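Here's a quick briefing on some packing details worth a look.

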Amino acid sequence: MEKLRIIFMGTPEFAVGILDTIIKNNYDVVGVITAADKPAGRGQKIKYSAVKEYALANNLTLLQPTNLKDESFLSELKALNANLQIVVAFRMLPKVVWEMPGLGTFNLHASLLPNYRGAAPINWAIINGETKTGVTTFFIDDKIDTGAMILNSEISIEPEENAGQLHDRLMNLGSKTVIDTLKVIENGNVTTTIQEDSAEIKTAYKLNKENCKIDWTKPGSEISNLIRGLSPYPAAWCFLKDKNEEQNIKIYEAKLILESHSFEIGTVISSKKEIKIAVQDGFLELLSLQLPGKKRMHIAELLNGMTFSNVAKVY
């Protein structure tokens with residue numbers, strides 16, 4: 001059995017859950033690599049990554065390179081004398097980095113590869129109406145999420161589950177799968193499976209303003225999936241127009257009601273207790289949304305101080 005000396009690379013909260021599990025299982029993490037600090041929010045205050053916060057709190061050796069090919073960074077990395085690197089939600093590595101440790105570099109990806117390679121696998125699994133997903137560990141190569149697979153684990157996606165809830169369950173599943181992967185590597189029992197490409201493979205495209213916008217002409221189930229798949233972040237959005245006022249709103253939670261009606265698609269039907277949007281096969285009852293410059297609100301809270309006219313529309 002070879003004793004592992006691990007370098008961990010990651011940035012967001014998802015990666016912290018994995019790193020914490022590695023530490024609690026008494027593996028030797030000799031270094032942590034995370035994104036450089038950057039200003040965020042209205043005040044542009046310097047914000048640490050979630051992984052940096054964890055590393056500082058646990059006295060782990062920390063590196064924050066801006067250029068992964070920089071000679072001084074590569075020297076620091078080599079000096080840590082790791083024999084294995086683990087990557088979770090970080091960035092694409094140059095070959096000089098991923099081939100450095102003797103036992104290789106593996107990545108944990110939050111999908112059942114080869115499906116949903118890319119930046120937002122958790123979101124797109126829900127947006128596309130999948131009923132199952134999972135996590136995969138694989139050895140990194142020179143392309144994105146294409147390397148030889150080591151282990152995978154599968155879970156069901158619940159009908160009303162949103163991306164935030166699935167994120168947390170996949171973080172727990174990923175933690176277990178990473179530990180299982182470490183065990184087979186340290187025991188010298190690694191077997192891998194080459195990913196097979198086909199035209200049917202689904203991609204986890206990077207989320208942007210355009211693919212997060214609601215198209216109200218689509219079936220209600222597709223709109224509902226988009227809202228769930230983007231909640232709580234970055235959130236599905238649309239324009240709300242009432243009389244002469246137009247505003248950009250974010251919708252976090254909605255309930256689909258399948259029902260025939262004669263309303264024009266996008267019509268807002270509201271009362272003192274509810275807001276519904278007419279879609280082609282029924283209505284979407286809005287449960288939680290955010291107006292510009294306001295906090296996220298439940299509909300009951302919103303309707304306490306706001307009313308809509310009978311010409312209100314979304315688009």
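Let's start with Phe 263, which is partly exposed, with a relative accessible area of 42%. Keep in mind that this is a predicted model. Phe 263 has an aromatic partner, Phe 283, and that ring is buried, at a relative accessible area of 3%.

**Aromatic rings**
- The count of aromatic pairs comes to four.
- Phe 263 and Phe 283 make an edge-to-face pair, with 6.0 Å from centre to centre and 70° between the planes.
- This pair ties together distant parts of the chain, 20 residues apart: Phe 263 is in the loop between strand S13 (245-258) and strand S14 (268-270), while Phe 283 belongs to strand S16 (residues 282-290).
- Elsewhere, Trp 237, Phe 239 and Tyr 315 come together as one aromatic cluster.

**Charges over rings**
- Trp 237, one of the cluster residues, has the charged end of Lys 213 over its ring, 5.5 Å from the centre.

**Helix packing**
- Helix H1 (residues 13-24) packs with helix H2 (residues 50-57) at an angle of about 30°, and their axes are 8 Å apart.
- Angles under 35 degrees count as roughly parallel, so H1 is roughly parallel to H2.
- H1 brings Glu 13, Ala 15, Val 16, Leu 19, Asp 20 and Ile 23 to the contact, and H2 brings Ala 50, Val 51 and Tyr 54.
- Sorted by type, the residues of this contact are seven nonpolar, two charged and no polar.

How values were computed
Residues are numbered from 1 along each chain as its sequence is written. This is a predicted model: local features need pLDDT of at least 70, side-chain atom pairs count only at pLDDT 80 or more; totals for chains, interfaces and linings use all residues. Side-chain values use heavy atoms; hydrogens and water are left out. Axes are lines fitted to C-alpha atoms, for helices over the stretch in contact, and angles run from 0 to 180 degrees between N-to-C directions. Helices (H or I, at least four residues) and strands (E, at least two) are DSSP runs, numbered from the N terminus. Angles under 35 degrees count as roughly parallel, over 145 as roughly antiparallel, 65 to 115 as roughly perpendicular and the rest as oblique. Contact means heavy atoms within 4.5 Å. Ala, Val, Leu, Ile, Met, Phe, Trp, Tyr, Cys and Pro count as nonpolar, Asp, Glu, Lys and Arg as charged, and the others, Gly among them, as polar. Rings of Phe, Tyr and Trp (its six-membered ring) pair if their centres lie within 6.5 Å; planes under 30 degrees apart count as stacked, over 60 as edge-to-face and the rest as tilted. Buried means under 20% relative accessible area, exposed over 50%, partly exposed in between (1.4 Å probe, protein chains only). A charge sits over a ring if NZ of Lys or CZ of Arg is within 6 Å of the ring centre and within 35 degrees of the ring normal.
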